[in-house]
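The following paragraphs guide a new reader through some features of the structure shown here.

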Amino acid sequence: MALINVVDLTFAYEGSYDNIFESVSFQIDTDWKLGFIGRNGRGKTTFLKLLLGKYEYSGTIAAAGLEFEYFPYEVKDMRELTLDVIKRICPQAEDWEIMRELSMLQMEAEALYRPFDTLSEGQRTKALLCGLFLKENTFLLIDEPTNHLDMEGRDILAQYLRKKRSFILVSHDRMFLDNCIDHVLSINRSDIEIQKGNFSSWWENRRLQDEHELAEHAKLKKDIRRLEGAARRAAGWSEQVEKSKKGTRIAGLRPDRGFIGHKSAKMMKKAKTLEKRRQGQLEDKSKLLKNLEEKEELKIHPLKFQTEKLVELEGISIFYGDTQAVKEMNLTICQGERLALRGKNGCGKSSVLRLICGERISEKAKDGHQVEGGNYTGAMRKNPALKISYVSQDTSGLRGNLKDYAVNSGIDETLFKAILRKLDFSREQFDKDMEYFSAGQKKKVMIAASLCQPAHLYIWDEPLNYIDVISRMQIEELLTEYKPTLLFVEHDRAFCERVATGTVWMQ
């Protein structure tokens with residue numbers, strides 16, 4: 001067992017006026033399996049890079065000679081055999097050890113003798129984690145490994161990580177975290193905290209803490225108002241008593257100024273005591289709700305269509321050249337349904353979504369160029385008047401400012417930015433180029449734009465990639481309340497169970 005000590009850590013990016021971390025201190029046991037939680041843009045990836053020594057900072061990070069390794073690991077030559085890539089990560093690894101790790105990850109051994117660039121994204125994830133965990137005396141920093149894994153792949157990876165230790169895992173998949181961590185490191189609005197347990201226990205503790213603080217906050221507000229009124233009355237009485245010193249004689253008697261002065265001073269002392277208590281209550285109140293994560297309600301404006309059936313696919317097969325990506329698929333989408341399109345990676349889910357949206361089907365060639373030539377057979381019935389709002393997997397094209405994006409997307413800028421505010425965007429973020437947004441913030445831009453578009457059918461392709469847990473819950477609540485017609489691909493099991501009214505399986 002070793003300790004990672006973070007003491008008075010302060011960091012801000014060059015040219016920024018705001019600190020990402022300010023005088024942060026905590027301690028990590030290297031035997032822990034840590035889940036790293038926080039809303040998008042709070043600094044999770046930044047903290048991992050600070051551990052790696054990528055940026056200069058003030059304060060200290062002491063790791064007692066421990067070496068940090070980061071996933072995703074950068075593979076410089078993608079044409080190398082997978083076995084050579086793993087050996088480059090961990091030169092001392094024996095072949096039998098590599099085979100053992102791959103077996104735990106349910107990955108075929110033949111993949112070791114294929115060029116790394118021929119592997120699927122999920123296979124690459126498994127191969128890299130295999131090599132990184134074989135390294136000795138390392139603490140692994142795993143940054144969102146599930147984005148290219150389907151549900152089955154996530155379950156396999158969770159089982160694998162459950163047998164490991166000494167890692168920090170950034171993930172927004174609640175069930176995945178529950179299945180493989182024993183501590184939570186959370187970046188809150190005002191601090192960083194560590195708790196023992198998994199995501200569900202952390203979330204329950206957070207809920208109870210928020211409820212307690214909200215109750216205390218309401219009580220203190222009431223007490224402060226009461227004390228303010230009492231202090232004003234006491235001060236007013238003191239002033240009136242003091243004025244009575246100069247009163248006229250009654251029946252030849254003068255006012256007892258000593259008694260009146262004593263009474264006035266007593267009333268003023270009471271007023272000051274009440275004011276002091278009020279200040280104390282204000283200080284107590286200011287300590288509350290600093291970490292309250294408000295899940296503001298989102299809204300959507302689904303349109304009604306004139307027919308019950310919106311889209312019908314009958315015997316649809318999709319081809320890229322001689323390669324058949326989808327085989328004789330049947331699908332009917334009716335109003336009010338929220339259908340989860342399920343299947344293993346590579347089975348053509350995104351191709352089906354793009355086909356329904358009316359996009360030209362395309363594939364990405366190995367050299368990185370877009371190659372047109374996809375075509376389909378079978379029958380697709382879709383009314384030309386059907387309005388569809390589409391969220392793509394790909395966020396790489398987001399550049400420029402939010403104002404221009406709203407104009408180009410034909411959406412109301414004020415509504416668009418209001419939704420982003422509810423998804424935890426700061427106003428300062430509105431002036432930045434989207435190219436410098438985090439991956440989660442880019443995805444939120446696309447979700448917010450879709451919510452601004454009145455549509456008969458919403459088609460979302462892996463909408464939750466990189467999006468933080470609290471925002472996922474906001475989107476869940478939106479979809480279950482407003483019940484838009486939705487066809488979506490998503491691998492977050494908790495989200496699918498709460499949102500989907502039905503599942504369509506693809507072979």
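In this predicted model, the second largest pocket has a lining of 21 residues. Those nearest its centre are K135, E136, N137, T138 and S166. The space in this second largest pocket amounts to about 450 Å³. By class, the lining comprises 9 nonpolar, 5 polar and 7 charged residues. Helix α4 contributes the largest share, 3 residues, and both α4 and β6 provide at least two residues each.

N137 is found in the loop that runs between α4 (121–134) and β6 (138–143). Its phi is near 55°, a positive value in a residue that is not glycine. Most residues other than glycine have a negative phi, and most peptide bonds are trans. N137 has a relative accessible area of 53%; because the cut-off for exposed is over 50%, N137 counts as exposed.

A positive phi also occurs at E328, where the angle is about 45° although the residue is not a glycine. E328 belongs to strand β11, which covers residues 323–334. With a relative accessibility of 56%, E328 is likewise classed as exposed.

P72 is located in the loop between β5 (67–71) and α2 (82–89).

Conventions
Residues are numbered from 1 along each chain as its sequence is written. This is a predicted model: local features need pLDDT of at least 70, side-chain atom pairs count only at pLDDT 80 or more; totals for chains, interfaces and linings use all residues. Side-chain values use heavy atoms; hydrogens and water are left out. Helices (H or I, at least four residues) and strands (E, at least two) are DSSP runs, numbered from the N terminus. Buried means under 20% relative accessible area, exposed over 50%, partly exposed in between (1.4 Å probe, protein chains only). On a 1 Å grid over the protein atoms alone, a cavity is a set of points where a 1.4 Å probe fits but cannot get out, and a pocket is an open set with protein on both sides within 12 Å along at least five of seven lines; lining residues have an atom within 4 Å of a point. Grid points are joined across faces, edges and corners, and a volume is the space filled by probe spheres set on the points. Ala, Val, Leu, Ile, Met, Phe, Trp, Tyr, Cys and Pro count as nonpolar, Asp, Glu, Lys and Arg as charged, and the others, Gly among them, as polar.
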